[in-house]
Amino acid sequence: MGILSGLFRSRDKPKDSTAGSAYRFFFGTSQSGKLVTERSAMQMTAVYACVRVLSEAVAGLPVHLYRYSGDGSKEKAMDHPLYFILHDEPNPEMSSFVFRETLMTHLLLWGNGYAQIIRNGKGEVVALYPLMPNRMTVDRDSHGNLYYEYQLSTDEPRIDEPGTVVLHPSEVLHIPGLGFDGLVGYSPIAMAKNAIGLAIATEEYGAKFFANGATPGGILEHPGVVKDPAKVRESWQSAFGGSGNSNKVAVLEEGMKYTPISISPEQAQFLETRKFQISEIARIFRVPPHMIGDLEHSTFSNIEQQSLEFVKYTLEPWLVRFEQSMARTLLTPGEKKDYFVKFNVDGLLRGDYQSRMNGYATARQNGWMSANDIRELENLDRIPDEMGGDLYLINGNMTRLQDAGLFAGNTSGAAGDGSAGGEMRNRTTPPGAGMSAGNISGGKEDMTGK
């Protein structure tokens with residue numbers, strides 16, 4: 001009865017915890033029979049490649065803390081203490097690149113990224129230290145308030161004996177992945193453990209196939225009774241098993257006969273299965289296959305578009321998670337109105353040299369970029385202001401939309417009607433040429449005598 005009460009629980013008596021806060025693998029075994037955990041999945045080359053591509057991409061992007069200006073523009077808040085922590089060094093032991101790479105790896109494997117927030121007496125953030133997701137539990141107290149419970153390990157520095165530390169939400173930078181309750185993310189590895197397990201099983205099959213000398217298994221038939229079958233099997237394996245014994249000639253005595261029973265790798269579609277599992281794993285992480293070395297369906301015409309889609313549809317959601325979680329946890333309520341965190345993805349969206357130059361020329365001629373704006377994007381030194389580096393230029397042949405037609409013919413409308421068109425015609429027409437239609441008609445009346 002105790003087992004059943006643990007499996008079945010009344011819905012009207014919920015626990016004070018978040019759904020999925022203590023999510024673990026159900027015995028960790030996939031349908032392929034292979035144990036799939038976060039660490040065993042990383043031994044699969046496709047998983048390792050996807051995690052590395054995404055984590056290094058997020059870690060390599062510049063991250064800045066910006067401040068809103070009075071005119072609605074923004075500027076880098078380099079004087080804020082949080083800027084140095086996010087952009088350069090979150091703690092004395094690691095760089096910003098390593099810190100973000102670690103958190104992103106935790107997100108991709110465990111579905112959550114945690115970091116402990118260290119504050120000074122003023123409440124300012126002075127350091128961020130990553131925490132292992134598999135030792136963190138998110139729960140609620142009797143009043144419904146969230147708290148974080150972290151299991152200490154002797155593997156960590158300055159920890160002599162294991163224990164438990166309870167942290168307030170203001171002390172934890174929590175970046176959740178995709179989840180069902182909006183508070184805790186689920187592990188992508190756990191959600192796709194059957195697909196990853198099949199990839200591991202296929203890889204192990206290929207390794208054992210070549211370990212056996214690339215020959216299939218079979219049966220040794222003897223016309224009589226074998227007294228010690230294990231000894232015969234070991235003798236056969238030691239003489240002909242392994243890749244080092246491949247292509248050896250077997251000599252069978254006493255009427256023994258060898259009959260292979262395993263199907264060939266071609267019949268089992270071994271290579272096709274391995275290729276499909278690479279695409280399957282890339283689909284889990286939404287990574288274009290060409291970025292993890294699968295160029296089978298990539299061409300020169302679509303590979304650039306796939307790279308742009310990688311930034312837009314794969315990286316951007318992760319970056320927004322980082323930006324909003326950092327702003328929500330690291331900024332005070334008063335600072336959230338004036339400051340925000342933003343990753344700069346312009347470097348990943350840059351096209352080839354000719355495309356960039358054509359784009360800069362259009363921006364320069366239409367007055368929304370100066371020479372220094374362009375040089376900053378190209379990582380070049382600024383031109384001094386006295387030399388015109390900050391000038392915004394436009395084409396002199398262009399005019400306002402409401403002024404269109406003012407320089408056309410002035411055959412309609414009176415010159416003295418006080419309109420803007422009349423004033424413009426008075427300024428642009430030569431002396432004596434600004435006679436109205438009424439004056440011309442009057443002249444005709446005088447000449448005709450009517």
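A residue is called buried when its relative accessible area is under 20%, exposed when it is over 50%, and partly exposed in between, using a 1.4 Å probe and protein chains only. With that in hand, Asp-79 is exposed, because its relative accessible area is 62%.

This is a predicted model, in which local features need pLDDT of at least 70 and side-chain atom pairs count only at pLDDT 80 or more, while totals for chains, interfaces and linings use all residues. Residues are numbered from 1 along each chain as its sequence is written, and side-chain values use heavy atoms, with hydrogens and water left out.

## Salt bridges

Let us begin with charged side chains. A salt bridge is a side-chain nitrogen of Lys or Arg within 4 Å of a carboxyl oxygen of Asp or Glu. The model has eight salt bridges by this rule. Here are three of them, with the separation between N and O atoms.

| Glu-75 | Arg-67 | 3.2 Å |

Helices (H or I, at least four residues) and strands (E, at least two) are DSSP runs, numbered from the N terminus.

Is Arg-67 buried or exposed? Arg-67 is buried, because its relative accessible area is 16%.

Glu-280 is partly exposed, with a relative accessible area of 22%, whereas Arg-283 is exposed, at 53%.

Two strands pair if DSSP finds at least two bridges between them. How many bridges join strand 5 to strand 6? There are five, and strand 6 covers residues 146-152. You can find Arg-140 standing opposite Leu-146 in strand 6.

## Aromatic rings

Now for the rings. Those of Phe, Tyr and Trp (its six-membered ring) pair if their centres lie within 6.5 Å; planes under 30 degrees apart count as stacked, over 60 as edge-to-face and the rest as tilted. Five aromatic pairs are counted by this rule. In one of these, Tyr-114 and Tyr-148 are edge-to-face, with 6.1 Å from centre to centre and 75° between the planes. Tyr-114 is in strand 3 (residues 112-119) and Tyr-148 in strand 6, so the pair links distant parts of the chain, 34 residues apart. Both tyrosines are buried: Tyr-114 has a relative accessible area of 2%, and Tyr-148 is at 6%.

The rings of Phe-322 and Phe-343 have centres 6.2 Å apart and planes at 85°, so this pair is edge-to-face. Phe-322 belongs to helix 10 (residues 303-330) and Phe-343 to strand 11 (residues 339-343), and the two are 21 residues apart. Both Phe-322 and Phe-343 are buried.

Elsewhere, Tyr-66, Tyr-68 and Phe-340 form one aromatic cluster. Lys-74 lies over the face of Tyr-66, at 5.7 Å from the ring centre. A charge sits over a ring if NZ of Lys or CZ of Arg is within 6 Å of the ring centre and within 35 degrees of the ring normal. Arg-321 lies over the face of Trp-318 too, at 5.5 Å from the ring centre.

## A buried threonine

Finally, find Thr-202 in helix 7 (residues 193-211). Thr-202 counts as buried because its relative accessibility is 9%. Leaving aside residues up to four places away in sequence, Thr-202 touches Phe-270, Thr-273 and Arg-274, where contact means heavy atoms within 4.5 Å.
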